[in-house]
Amino acid sequence: LWTAENIIEDSIVRIREQTGSEHVLLGLSGGVDSSVVAALLKRAIGDRLTCVFVDTGLLRHGEGDQVMQMMAANMGVKVVRVNAGPQYFSELKGVDDPEAKRKIIGRLFVEIFEAESKKLSDVKWLAQGTIYPDVIESAGSKTGKAHVIKSHHNVGGLPERMHLKLLEPLRELFKDEVRRLGVALGLPREMVYRHPFPGPGLGVRILGEVKPEAAEVLQRADHIFIDELRKWALYDKVSQAFAVYLPVKSVGVVGDARAYEPVIALRAVETIDFMTAHWARLPYDFLDHVARRIVNEVRGVSRVVYDISGKPPATIEWE
Ligand code: XMP
C-alpha cells in the first residue's frame with residue numbers, strides 16, 4: 001500500500017542497512033528534492049548526515065536564510081553554508097552569453113561543493129535527490145537543456161574522484177510522491193509545493209551580464225509578485241511565475257524627475273509538462289496592483305511589462 005508513512009519507514013530501513021555506521025554528505029539546493037532527502041536522512045541516520053549548501057547569491061529573496069531556518073534551526077540538520085555570492089558575481093563579470101553564464105554557474109557549483117566536501121573527514125556516501133523522472137531522462141537523450149539541468153546539481157564525477165558511494169533514496173518516486181513524503185516528514189507545505197526554480201537561478205533571469213545590483217532589484221520585484229500571487233490565492237493556479245530583469249533602459253517619471261531605468265518583466269505560465277506552456281491569464285486588477293507595488297517599492301524600476309508569449313516558440317525562462 002502506498003502511503004507516505006510506509007515509504008518513509010521502508011526507506012529508513014534501507015538507508016540504515018546501506019550506510020551502516022558511515023557518514024553521508026548531501027548537497028542542499030533549497031529545492032524540494034534535496035530538502036526531502038535531507039529530512040529523510042536526518043530521520044534515518046541523524047548526525048551521520050552533513051549537508052553543504054552553496055548560496056550562489058542567485059537565489060530568491062531571503063532563500064538562503066530560509067534554507068538554514070528550515071533545515072538547521074527547525075530540523076537540527078548539520079548544514080555547512082557557503083556564501084559564494086561574491087565569487088559568482090566576480091566570475092560572471094563581463095559575461096553576457098546565456099550558455100557561457102550557465103557553464104560558469106555550473107562549474108563554480110561543482111568546484112565549491114567539492115572543495116567544501118574535502119574538508120569533511122570520513123564521509124563515505126554522497127546522497128542525491130535523484131527522482132524517477134531524472135532516471136528516465138538521463139537514460140534517454142544526453143543532449144539539450146534536460147541534460148544541462150541534471151548536470152548542475154548532480155555533481156558529475158565527484159563520487160568517483162572522492163571515492164564516495166551514491167545514495168539515492170528517491171530514485172523510484174515521482175514528484176508528487178516526493179512532495180507527499182516531504183509533508184509527512186514535516187517540511188512546510190509552502191516549500192514542498194513551490195514552483196520549480198532553475199539550477200542557474202537568477203543567473204538566467206537577469207538578462208545579459210549578472211551584476212549584484214541587478215540581483216537585488218530582481219529579488220525584490222520577484223518577491224512582491226510571488227507574495228501577491230499567494231495573497232490573491234493565484235499561486236497554486238499557475239505552474240510557474242517569476243520576474244525577469246531586462247537591462248534595457250526606458251524613460252519614466254519618478255516624483256518630479258525623469259528616470260532612465262531598467263525594465264522588469266513578469267512571467268506566469270500554465271503547463272502540464274513544462275514542454276509546452278500558455279501564458280497565465282492573470283486578472284488585470286491583480287497585474288495592476290503588482291506593477292504599482294513594484295514601481296513604488298523597488299528603487300530603480302519605473303516600468304513593468306507582462307510576458308504574453310507561449311511556449312513554443314518562446315521558452316518559459318528568458319535565457
Ligand atoms: P524552458 O525555459 O526551457 O524551461 O521552457 C522549462 C522548465 O525548466 C526549467 N529550467 C531549468 N531548470 N536548470 C534547471 O534546473 C536549468 O538550467 C533550467 N533551465 C530551465 C524552467 O524553470 C522551467 O520550469
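Reply: What follows covers the helix packing, then the domains, and then some local backbone details.

The model is predicted, and every value below is computed from it.

Start with helix 2 and helix 9. Helix 2 spans residues 32–45 and helix 9 spans residues 175–184. The two pack at an angle of about 45°, and their axes are 9 Å apart. Because angles under 35 degrees count as roughly parallel and those from 65 to 115 as roughly perpendicular, the angle of about 45° makes helix 2 oblique to helix 9. Their crossing is left-handed. On the side of helix 2, the contact is made by V32, D33, S35, V36 and A39. Helix 9 contributes V178, R179, L181 and G182. Sorted by class, this contact has five nonpolar, two polar and two charged residues.

The second pair is helix 4 and helix 5. Helix 4 covers residues 85–92, while helix 5 covers residues 98–118. Here the packing angle is about 145°, with the axes 10 Å apart. The crossing of helix 4 and helix 5 is right-handed, whereas that of helix 2 and helix 9 is left-handed. Helix 4 brings Q87, Y88, E91 and L92 to the contact, and helix 5 brings K101, I104, I105 and L108. By class, the contact has five nonpolar, one polar and two charged residues.

G64 is found in helix 3, which runs over residues 63–74. G64 counts as partly exposed, because it has 19 C-beta neighbours inside 10 Å and a buried residue needs 20 or more. Apart from neighbours within four places in sequence, G64 is in contact with D55 and L59. G64 and E190 are 126 residues apart along the chain, and their C-alpha atoms are separated by 16 Å.

Now the wider context. The domain assignment of the protein gives domain 1 as 4–192 and domain 2 as 205–306. The C-alpha centres of domain 1 and domain 2 lie 28 Å apart. Ten residues from domain 1 and ten residues from domain 2 take part in the contact between them. On the side of domain 1 that touches domain 2, there are four nonpolar, three polar and three charged residues.

Some backbone details remain. A233 is not a glycine, yet it has a positive phi of about 55°. This residue lies in the loop between helix 11 (212–231) and strand 6 (240–254). A233 is exposed, since it has 8 other C-beta atoms within 10 Å and the cut-off for exposed is 12 or fewer. F274, also a residue other than glycine, has a positive phi near 65°. F274 is located in the loop between strand 7 (257–270) and strand 8 (278–279). With 13 other C-beta atoms within 10 Å, F274 is partly exposed.

Finally, the cis peptide bonds. The bond from K311 to P312 is cis, with omega near -10°. P312 lies in the segment after strand 9 (304–306). P312 and P313 are joined by a cis peptide bond as well, with omega about 5°, and P313 is found in the segment after strand 9.

Methods:
Residues numbered from 1 in each chain as written. Predicted model: local features only at pLDDT ≥ 70, side-chain atom pairs only at ≥ 80, totals over all residues. Domains from an automatic or database assignment. Contact = placed C-beta atoms within 7 Å. Nonpolar A, V, L, I, M, F, W, Y, C, P; charged D, E, K, R; others polar. Axes fitted to C-alpha atoms, helices over the stretch in contact; angles between N-to-C directions. Helix = DSSP H or I, 4+ residues; strand = E, 2+ residues; numbered from the N terminus. Parallel < 35°, antiparallel > 145°, perpendicular 65-115°, else oblique. Left-handed = near helix turned anticlockwise from the far one by under 90°.
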